[in-house]
Amino acid sequence: MRAARLIRMALLIQSNPGLTAASLARELDVSERTVIRDVQALQEAGVPVRSDRGRTGGYRLAPGYRTRLTTLHPTEAETLFLSGLPSALRDMGLADAADAARLKLTATLLPSVRAAAEASVRRFHLDAPAWFREPSAPELLPALARAVWSDRIVELSYARPGRDSSPPAAVSRVVEPYGLVLKAGTWYLVARLRDGHGHGGGWRTYRVDRVTALAPARGGPEVFARDADFELAAHWEARSHDFARALLRTSVRVRLTARGLGRLPAVVDGAAVEEALASASAPDPATGLVTLDLPAESEDVAFDQLARLGADAEVLAPAALRARFRERAQALAALYR
C-alpha cells in the first residue's frame, strides 16, 4: 500500500513541480505529516526530491531527473483503454486523433501489457445515449470543443426554453467555455459569463443542442486565463441538480393512483420526482388517491410524461393541459369504441 503511494507521489511531483505538502496530502488522502515522511523515504531510496521554501515553494525533482516508474501494469492498461467514449470523441471531431494516440500508446507497450489492453476493448463498451432515442451530435459541438481546448472566449446565441407553453427566447451571451459534459446522451457546456468589464462572472450551463450560433467574441481579448482551481467533474456534481431544477419552469397538479405513484420515477426526471413527492398529500382514505404538484419543463413535456401513466394519472391543473388529456381520451375512446 505504501509502495504504491510512494510511486504515485513521485509521479505527481514529476508531472506537477511545486506541489505543496498540503496539495499532495489532498491528492493522496493522507496527512501532511505522512507526506513529509514519504518524501524522506523517497530521498533515502535515491529519488532526488527537493523542497523549496517561500511563496512559490513546493516539492520538485532535481533538474533533468525523470523517474523510471511509468511502466504500465496490465490492470492499469486495461483501465486506461476503458477510459474513453468513442461516440463522444466522434461527436467532438476527435475520433481520428484518439485512434492515432491509441495506436501510438499500444506500440510502446510490452506484449503482455498490450494484450491486456486489447482484451479490455473486446470485453467492455461504454454506450452513453439512452435507449429509444436516436443519438445525434449537435452541429456546433466540434466548434465548441475547439473553443474549450483553446480557452477561447466566444459569443453564443442560445434558444432559452420559455415558461409554460411559451416559445423559446433567443438570447446572446459572451462566455468563457470551461468544459463539455455528456449526460445520458445529451451534451452540456459549462461556461462562465463575461461581465461588462471583461471579467469572469457567474457560472452557467447550456444544452449544446440549443446553441444556435457561435462566433469569436468581439472587442476584447481572444482567450481567457483559466481558473487553476476549477475541476469540471466536481463542478458538475455540485451544480447539476440545481441546473436540472432550473429547467422545471411550470407546475402541474395531478392525482395519482398507488400504481401511478410507484411508476412516477420511471417517467419523470429525478429532480422533479423529489420535489413532487415532497408536496404529495396523504392517500385519500376512500380511494387511496394521492394529489401532488409535479414540476415540469413545459406543458408539452408534462403531457408526454403523464400520458405514459394512462388512467393512473388525472391532471387537475392547469386547465389547458387537462383539456388536452380530455381530447386525447375522447380520441382514444372513439378509436377503440
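Analyst: This is a predicted model. In it, Glu 314 and Arg 255 meet through their side chains in a salt bridge, at 2.9 Å from N to O.

User: Which strands hold Glu 314 and Arg 255?

Analyst: Glu 314 is in strand β10 and Arg 255 in strand β8, so the bridge links distant parts of the chain, 59 residues apart.

User: And Glu 314, how accessible is that one?

Analyst: Glu 314 has a relative accessibility of 30% and counts as partly exposed. Arg 255, at 29%, counts as partly exposed.

User: Is Asp 312 buried or exposed?

Analyst: Asp 312 is buried, because its relative accessible area of 14% falls under the 20% cut-off. Arg 259 counts as exposed, at 52% relative accessibility.

User: What is the partner of Asp 300?

Analyst: Asp 300 forms a salt bridge with Arg 324, and the closest N and O atoms are 2.8 Å apart. The bridge links distant parts of the chain, with Asp 300 in helix α12 and Arg 324 in helix α13, 24 residues apart. Asp 300 counts as partly exposed at 45% relative accessibility, and Arg 324 counts as partly exposed at 30%.

User: Over which ring does the charged end of Arg 324 sit?

Analyst: The charged end of Arg 324 sits over the ring of Phe 303, 4.3 Å from the ring centre.

User: How many salt bridges does the count come to?

Analyst: The count comes to 15 salt bridges. There is also a network of salt bridges that links Glu 176, Arg 192 and Arg 194.

User: Let us turn to the aromatics. How many aromatic pairs are there?

Analyst: The count comes to seven aromatic pairs. One of them joins Tyr 178 and Trp 203, with 4.8 Å centre to centre and 80° between the planes, and is edge-to-face.

User: Why does the pair of Tyr 178 and Trp 203 tie together separate parts of the sequence?

Analyst: Tyr 178 lies in strand β4 (residues 169-183) and Trp 203 in strand β6 (residues 200-207), so the pair ties together parts that are 25 residues apart in sequence. Both of these residues, Tyr 178 and Trp 203, are buried.

User: Why is the pair of Tyr 178 and Phe 230 edge-to-face?

Analyst: The planes of the two rings are at 70°, which is over the cut-off of 60 degrees, so the pair of Tyr 178 and Phe 230 is edge-to-face. The ring centres of Tyr 178 and Phe 230 are 4.8 Å apart. Tyr 178 lies in strand β4 and Phe 230 in the loop between β7 (211-216) and α9 (232-246), so this pair ties together parts that are 52 residues apart in sequence.

User: What relative accessibility does Phe 230 have?

Analyst: Phe 230 has 16% and counts as buried. Tyr 178 counts as buried at 3% relative accessibility.

User: Which residues do ring pairs link into a cluster?

Analyst: The cluster is made of Tyr 178, Trp 203, Phe 224 and Phe 230.

User: Now the nonpolar core. Which residues touch the most other members of the largest one?

Analyst: Leu 264, Leu 294 and Leu 306 do, in a core of 22 residues. At least two residues of this core come from each of β8 (250-256), α10 (258-267), α11 (270-278), β9 (290-296), α12 (299-307), β10 (313-317) and α13.

User: Which element gives the most to this core?

Analyst: Helix α11 does, with four residues. Nonpolar side chains tend to be buried together in soluble globular proteins.

User: Where is there a nonpolar patch on the surface?

Analyst: Leu 332, Leu 335 and Tyr 336 form one, with about 380 Å² of accessible area together. Leu 332 is found in helix α13 (residues 319-336) and is partly exposed, with a relative accessible area of 41%.

User: One last item: where is Asp 99?

Analyst: Asp 99 is placed in helix α6 (residues 95-108), and is partly exposed, at a relative accessible area of 40%. Asp 99 and Pro 86 are 13 residues apart in sequence, and their C-alpha atoms are 9.4 Å apart in space.

Terms used: Residues numbered from 1 in each chain as written. Heavy atoms only, no water. Patch = residues over 30% accessible without salt bridge, like charges linked within 9 Å, V, L, I, M, F, W, Y side chains within 5 Å. Areas by Shrake-Rupley, 256 points an atom, 1.4 Å probe, with all protein chains shown as cover. Salt bridge = Lys/Arg side-chain N within 4 Å of Asp/Glu carboxyl O. Buried < 20%, exposed > 50% of the residue type's maximum accessible area, 1.4 Å probe, protein only. Phe/Tyr/Trp six-rings, centres within 6.5 Å; stacked < 30°, edge-to-face > 60°. Lys NZ or Arg CZ within 6 Å of the ring centre and 35° of its normal. Core = buried A, V, L, I, M, F, W, Y, C linked by side-chain atoms within 4.5 Å.
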